[in-house]
Each structure stands twice: as C-alpha cells, then as structure tokens.
Amino acid sequence: MTLELTTAGESHGPALVAIVSGLPAGLLVDRDAIDEDLRRRRQGYGRSPRQKLEEDEVEVLAGLRHGLTLGTPLALVVANRDHTNWSWGMSPWPPAGEPSGKGTSPVTLPRPGHADLAGALKYGHDDVRNALERASARQTAIHVAAGSVAKALLAELGVSVAGRPLEIGSERTEDRWRAATDTARAERDTLGGVVEVVATGVPPGLGSYADKPDRLDGRLAAALMGIQAVKGIEVGDGFALARMRGSEAHDEIEPNRSRTTNRAGGLEAGVTNGEPVVVRAAMKPLPTLMSPLRSVDLTTGEPGEALVERSDVQAVEALAVVAEAAVAWELARAAREKFGGDALADFVGAHAAYLDRIAWHTR
Ligand SMILES: Cc1cc2nc3c(=O)[nH]c(=O)nc-3n(C[C@H](O)[C@H](O)[C@H](O)COP(=O)(O)O)c2cc1C
C-alpha cells in the first residue's frame, strides 16, 4: 500500500489537476485547510502580481463524499484564473476566431536558467512556450493541495510538518528580507534563499535501509530537489557534519532511547529514528530577470535578450510552503507503506499497535 500522485496542467491553461490514489477511506478532507495552504503559497514579499489574481481554491471531482475519502482515487482541481487572459493563446483545442489576449505569438528567445532551451530542443518545439508552460512553478499549487491532504493523513498519527524560510538573499533575519527584496527589485534582479522543514511526532521506523530506493533520506531529497529552483539539500546538519569529528557529529542514545542532540535530522540509514525530521533546501535566484540575460533567437540564430515574463523577485517564503507539502507527501507515503489499511481506523490502529510494541511514546 502506498500513496501515488499524478498531476497535469500548464501555467496558463484552464486548470491544474491531480489524482491522489492510495488514501484510506474515512479521512476527513477539509476544504478550508487546503485553501489556506494554497493562500500561504501565494504569500511572500517579492511575488509577482499574478499571485493576487490567482485566488486559488480547490475543487474535488472524485473520491470524496460529504467530506470523507472513499478509499478510491481522489481527483483535485485548481483552476487558473489567469487563463481568461490566455484563452486563445493557451486553448487546448484549435482556437476559434482572431488571435487575442496573451500568448498569441511564439516565444523564440529562451531564458537561461529555465526549461526553455532544453525543453524546446528535447520535444522539438518551435514555440518555447510549449516547454515553459508545464515547467513553470505554477504547478506547485496542485502539489501544495495534495500535500495538504497528506498533512491531514499524518495528523491522524500525531505527525505535524512545518516549513519556514531561513535565509533570503544572504540575509538571515526577517526584518532584512524586505529591504534585500526591495533592493533587488530596484536593481531589476532576483534573489534565492534557504528553507527548512521540520516534522514532529514522526515514529521511528519509516523508510528502510534494505535497498537504495527505500531510504527515506534519499526519497525526501528527491521530493525536494524535484521542486523548481531547488539546487541543494541538507538532512539534519548536512554539510556542517563534513567538517566535524565523529565524536561530535553523532547523536548519543540515552537510557530512555531519546537523544539530546539531533544532528542526523531524525534519519539514520534512511530510516526515521523518532527524533524530528529536519531537512533544508537551497533555492537559486529566480531566472527570469527584468534586465534580461543574453540569449539567442532559435529561429534566426541571432543574439538577443531572453523573454521577460511577469515574474517574482524572490519566492523563498512560497518555497517553504511547497517544501512543507513535499516532505508531508513523502512522509505520508512512507506511513502508508508501514501501516497500510483500507479504512482510516485500520491505518491508525496499526500505528497504535506498533507504538505499543516498541513501547514508544511520541515526543
Ligand atoms: C514557488 C516558486 C515560485 C517561482 N517563481 C518563479 C518566477 O516568478 N520566475 C522565475 O523565473 N522562476 C520562478 N521559479 C523558479 C523556476 O520555476 C525554475 O527555476 C525553473 O523552472 C527551472 O528549474 P530549475 O531551477 O529547477 O532548474 C519559482 C520556483 C518556485 C518554487
């Protein structure tokens, strides 16, 4: 038994969709909680005006009755309100009538740091838009919706997951983030940063050391690295461990099996050890610049300036929410693998029986 997620949707197409399978029956899905996570994803200083336009709200098409999961695939939809401005340019069907609105002429100047060049070459697109629309971080909205459902499932086990920014630009305090963002905006530049996700109440024993794909540290790293603009991952003290001696790097085991330190970030040998799971992700500065980078026209071969499309100055606060969803999703998958069950009561019961067997009281 595991959770699976399939998504589809272009940035300016009609909607983003997800099919979530492997949920137990009887889980309460709270629409307001999902919409609140979608709202959090749009927040943050330095976001583009699109975030005001997209009042994201989740719709459910299948797998739910009166707010409770049926144990069958759950189909989620988040509409793209901006599609009304792109209804000709991003029409799924051959568009009717004269070209109007946005996206009517082909994009031929790929942006460095985006999928544009590689995507156009790989799929044989003459219009770079055919690559950039799906590669866009707009799709993180549907992942946040799915992650919200994963958090509801984890909450049944007493697990909670929270993401937060640690650094924006090279600044480490909130009061300096706005100033750094304002300066970057004024200089028509962009910033990156670092986020941290902490999961508490995680039982020992999620994931496995049996084979490489089972290791939960690797799975979490893949889930985070799969997010747009993420270029580095740390588990626990991560890169700092490389500079420590063994005698100071590990978390000694106390008589009650607890630890006084958590440098391993709650994971040893790819298995949770009962301490909070702590992971961090580094985000590169966003690649669409208002002072465009050098590029080349794919049709003429002439040098030019990369496409300028409405864009964020920085999206580190948003990444914290997206990373939280990714970690929740992967932990929920690992929990489904360990505790199984078709009905929510089976899943929760298996977890309780396991905690009894190992005489573990969630800290
Ligand atoms: C929440 C979020 C918002 C983003 N917003 C933008 C943006 O407004 N402009 C931009 O150029 N890149 C943005 N990105 C990053 C690009 O989507 C990403 O850098 C690009 O698709 C290339 O993928 P890669 O950086 O993973 O190689 C955003 C990423 C995230 C996670």
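Student: What does Asn273 touch, leaving out residues up to four places away in sequence?

Tutor: Asn273 touches Pro204, Arg259, Gly266, Leu267, Glu268 and Trp360, where contact means heavy atoms within 4.5 Å. Keep in mind that this is a predicted model: local features need pLDDT of at least 70, side-chain atom pairs count only at pLDDT 80 or more, and totals for chains, interfaces and linings use all residues. Residues are numbered from 1 along each chain as its sequence is written, and side-chain values use heavy atoms, with hydrogens and water left out.

Student: Which side chain makes a polar contact with the side chain of Asn273?

Tutor: That of Glu268, at 3.1 Å. A polar contact is a pair of N or O atoms within 3.5 Å; within protein, one must be able to donate a hydrogen and the other to accept it, and residues adjacent in sequence count only if both atoms are side-chain atoms.

Student: Where does Asn273 lie, and is Asn273 buried or exposed?

Tutor: Asn273 is in the loop between strand 11 (271-272) and strand 12 (277-283). Helices (H or I, at least four residues) and strands (E, at least two) are DSSP runs, numbered from the N terminus. Asn273 counts as buried because its relative accessibility is 10%. The cut-offs are under 20% relative accessible area for buried, over 50% for exposed, and partly exposed in between (1.4 Å probe, protein chains only).

Student: What about Val271, which residues is it in contact with beyond four places in sequence?

Tutor: Val271 is in contact with Gly205, Leu206, Gly207, Ser208, Tyr209 and Gly266. Val271 belongs to strand 11 and is buried, at 14% relative accessibility.

Student: Changing topic. How many salt bridges are there?

Tutor: The count comes to 26. A salt bridge here is a side-chain nitrogen of Lys or Arg within 4 Å of a carboxyl oxygen of Asp or Glu. Side chains of opposite charge can pair when their charged atoms come close.

Student: Why does Glu54 count as buried?

Tutor: Because its relative accessibility is 0%. Arg138 is buried too, with a relative accessible area of 6%.

Student: And what are the two positions of the pair Glu196 and Arg164?

Tutor: Their side chains meet in a salt bridge at 2.9 Å, N to O. Glu196 is in strand 8 (residues 193-200) and Arg164 in strand 7 (residues 160-168), 32 residues apart. Glu196 counts as buried, at 9% relative accessibility, whereas Arg164 is partly exposed, with a relative accessible area of 46%.

Student: How far apart are the closest N and O atoms of Asp116 and Arg111?

Tutor: They are 2.7 Å apart, in a salt bridge. Both Asp116 and Arg111 are buried.

Student: Which residues are linked in a network of salt bridges?

Tutor: Asp37, Arg40, Lys151 and Glu324.

Student: Back to helix 5, what does it span?

Tutor: Helix 5 has 16 residues and reaches 22 Å from first C-alpha to last, close to the expected 22 Å at 1.5 Å a residue. The expected span is 1.5 Å times one less than the number of residues. Of its 16 residues, 13 are buried, so helix 5 is largely enclosed by the rest of the structure.

Student: What is phi of Ala229 near?

Tutor: Phi of Ala229 is near 80 degrees, a positive value in a residue other than glycine. Ala229 sits in the loop between helix 7 (216-225) and strand 9 (230-235) and is buried, with a relative accessible area of 15%. Ala359 also has a positive phi, near 50 degrees, and lies in the segment after helix 11 (344-357).

Student: Last one. Which residues form a nonpolar patch on the surface?

Tutor: Leu117, Leu121, Val296 and Leu298, with about 330 Å² of accessible area together. Patches are made of residues with over 30% relative accessible area and no salt bridge; like charges are joined within 9 Å, nonpolar side chains (Val, Leu, Ile, Met, Phe, Trp, Tyr) within 5 Å. Accessible areas come from the Shrake-Rupley method with a 1.4 Å probe, and for residues only the protein chains shown count as cover. Val296 lies in strand 13 (residues 294-296) and counts as partly exposed, at 35% relative accessibility.
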